[in-house]
Amino acid sequence: MLRVEGIDVYYGDLQALREVSLEVNRGEVVAVIGSNGAGKSTLLRTVSGILRPRRGQIMFNAANISQARTSRIVEQGISHVPEGRQIFPTMTVLENLEMGAQFPRTQKVQQETLAQVYAIFPRLKERRSQKAGTLSGGEQQMLAMGRGLMARPALMMLDEPSLGLAPLLVSKIFEIIQHIHRQGTAILLIEQNVFHSLKIADRGYVLENGQIVLSGSGRQLLENPHIRKTYLGL
Amino acid sequence: MDPHLALQLIIQGILLGGIYGLIALGLSLIFGVMGVINFAHGQMMVMAMYVSYWLFILLSLDPYLSLVGAAAAVFVLGYLIQATVVNRILDYPEAMQVLPLVAMGLILENMALLFWGPDHRSPQTALSLQTLWVGPVMIDVSRLIAFVLAIAITILIFIFLKKTNIGKCIRAAADNRTGAILVGIDVDRIYNTSFALGAATTGAAGVLLLPLMPLSPHMGHDFTLTAFIVVILGGMGNLIGALVGGLILGLAESVATLFLPATLKQVVSFSLLVVIMLFRPQGLFGGKK
C-alpha cells in the first residue's frame, strides 16, 4: 500500500535519510525503530509531504505522492499522528476532533466516525467540551490519535505515541493501536519503546544514521543479537 | 470641572473606542494567526476609506451602504499581500518581517497620494452633521452608528471564528501550525484568508470613521500606531483584549482633553503604552508570543 523507494532527504546540506526504502502492506503493523536522531521522524514527515525527498519516490496505492501537498496526502488516506501531539490547545476536544475531518469524504460520515472514536476513547467523550490544552499528557495523546482517526485513514503513522507516558498508559496506548489495527487500518509505528513495538509489529525496520540497517519480522528482530544488545540492553 | 462636559467626553470616548477596538481586532487577528505585525494596517484602512469616498462622490452611495464593498476591496488587497509578500517572510526573524510590511504601508500611502492628492476631504454624508440630545449630552448620530456597527461587526467575527468551518480552521492554524498542516488544512490559504479578514475588518472600521474625520493620504500610520497600542494594551493576539483595549484607549484620549490640549492626545496613548509595558507587559488579558 505504501512503498518508499530509495529516498534521500536533506535539511539544507545535511543529509538525514540515505536511500531509505520500506513498505507497508494492507493490514500490517510496521515498526521503525532507531535511536534519537536516526531519522525516524524525518521519514514520517517526508511521507506526509512536509519534507521533500531529493531522490527516490513515495508511492501510495500506485500513486506517486512524493511531491503531493500534505492536504492531498491526508485526503488519500494517510494520517500522521505527530511527535509531541500537536493538538490545538485553545480549542475544545470536540473541535479538535472535528478538525480531523477536513474533506467531503470524511465530513459526510463525521458523526459515525466520531461515535467510533468515542467508543475507542471514552475519556475523550467525557471531556469533549473541555479545552484540549487542559488535558493530561496521556489524554492529549489519545486526542491526537482520535483526531487522526477522524480522517478515516487507510494508513495511520504514529510518531512516538508512548513518549513521556506512565508505564500503565503506555500499555494502554499499545492496546489501542492494536485495536485500531484490527478494525482494518494499517499502522506505521515509530517508537523508542523497542520491545513493545516489535511485539505488536508484523514487520520492523531498524534505522541508524539515516539508513535502514536491518529489517525482518517483529519476532526475528526481537531475537536479533544486534537489537538485543543495542536497543534492549540484554 | 463641568460634570456635563466630562460625561460628554466619556460617551464620545467610548463611542470612538469601539472603532479603535475594531481596527485593533484586525491587527490582533493577523498577529494571533501568523505572528506577524501588520505595519501597513492603518494604510489599508485608508484605502477602504478612499474606496468608500469614491463611491460616495461618483455614485452618491452613502458610506454605510458602501461599507461591505469597501471592506471587500481591502479583503482582496489583504489576500494578495499575504499571498505575494507575507507568506514568504513568515519564517524570518521578527525584525526582518517589519521591513516588507512598513514598505507596503509606504506604497499604499503614496498610491493614495498619487490617486487622490494630498487634500483633506470631508464628505458631507446625510448623517454627518446630525446630532442627538440625551438630557444634557450631545451625541453625533454618525458616531453612535459607527459604534453600534463596530460592535456588531466584532460580534460577527467572533461568531465566524467560533462556528464556521473556515473560522475553526483559522483558529486551528493559529493554535498549532504543524497540527493544522497534518490534519490536511491548506494553511497557506487559511493564512491568506486570515490576513484578508484582518484587513477587511480595519477597512470596515475606516468606513465608519469617514463621516467623523477628514480623510487624507497620510492619516494611516497614526492609526497603525493606535491599533498597535490597543493590541499591546489588550494582549497580543487576544481578540477580546483588542475590543476592551480599544474602549480604554478611546476613553483615555477623550477624557484627557479635559486636562490637555487635543493636539497632545498621543501623549496619552503613549503614556498608557509605557505604563502597560512597565506593569503588565503581557497585556490586560494576556496574549500569545
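**Entry 1: strand 7 of chain A**

I looked up the burial of strand 7 of chain A, which spans residues 155-159, and found this strand mostly covered, with five of its five residues buried. The model is a predicted one. I then noted the directions in which the residues point: Leu155(A), Met157(A) and Asp159(A) go one way from the strand, while Met156(A) and Leu158(A) go the other way. Residues on both sides are buried, Asp159(A) included.

**Entry 2: pairing partners**

I next checked the strands that pair with strand 7 of chain A. Strand 6 of chain A, residues 78-81, pairs with strand 7 in the parallel sense over four bridges. Within this pairing, I recorded Leu155(A) as the bridge partner of Ile78(A). Strand 8 of chain A, residues 186-191, also runs parallel to strand 7 and is joined to it by five bridges. Here Met156(A) has Ile187(A) as its bridge partner. I followed the chain from strand 7 through helix 8 of chain A, residues 167-182, to strand 8, and recorded this β-α-β crossover as right-handed.

**Entry 3: the largest pocket**

I turned to the largest pocket and noted a volume of about 560 Å³. Its lining comprises 21 residues, of which Thr90(A), Arg171(B), Asp175(B), Gly237(B) and Leu239(B) are the closest to the pocket centre. By class, I listed nine nonpolar, seven polar and five charged residues in the lining. Which helices of chain B each supply at least two residues of this lining? I found helix 1 (3-34), helix 5 (141-163) and helix 6 (165-175).

Conventions:
Residues are numbered from 1 along each chain as its sequence is written. Chains are lettered from A and ligands numbered from 1 in the order in which they are written. This is a predicted model: local features need pLDDT of at least 70, side-chain atom pairs count only at pLDDT 80 or more; totals for chains, interfaces and linings use all residues. Side-chain values use heavy atoms; hydrogens and water are left out. On a 1 Å grid over the protein atoms alone, a cavity is a set of points where a 1.4 Å probe fits but cannot get out, and a pocket is an open set with protein on both sides within 12 Å along at least five of seven lines; lining residues have an atom within 4 Å of a point. Grid points are joined across faces, edges and corners, and a volume is the space filled by probe spheres set on the points. Ala, Val, Leu, Ile, Met, Phe, Trp, Tyr, Cys and Pro count as nonpolar, Asp, Glu, Lys and Arg as charged, and the others, Gly among them, as polar. Buried means under 20% relative accessible area, exposed over 50%, partly exposed in between (1.4 Å probe, protein chains only). Two strands pair if DSSP finds at least two bridges between them. A crossover is right-handed if, with the strands pointing away from the viewer, the path from the first strand over the helix to the second runs clockwise.
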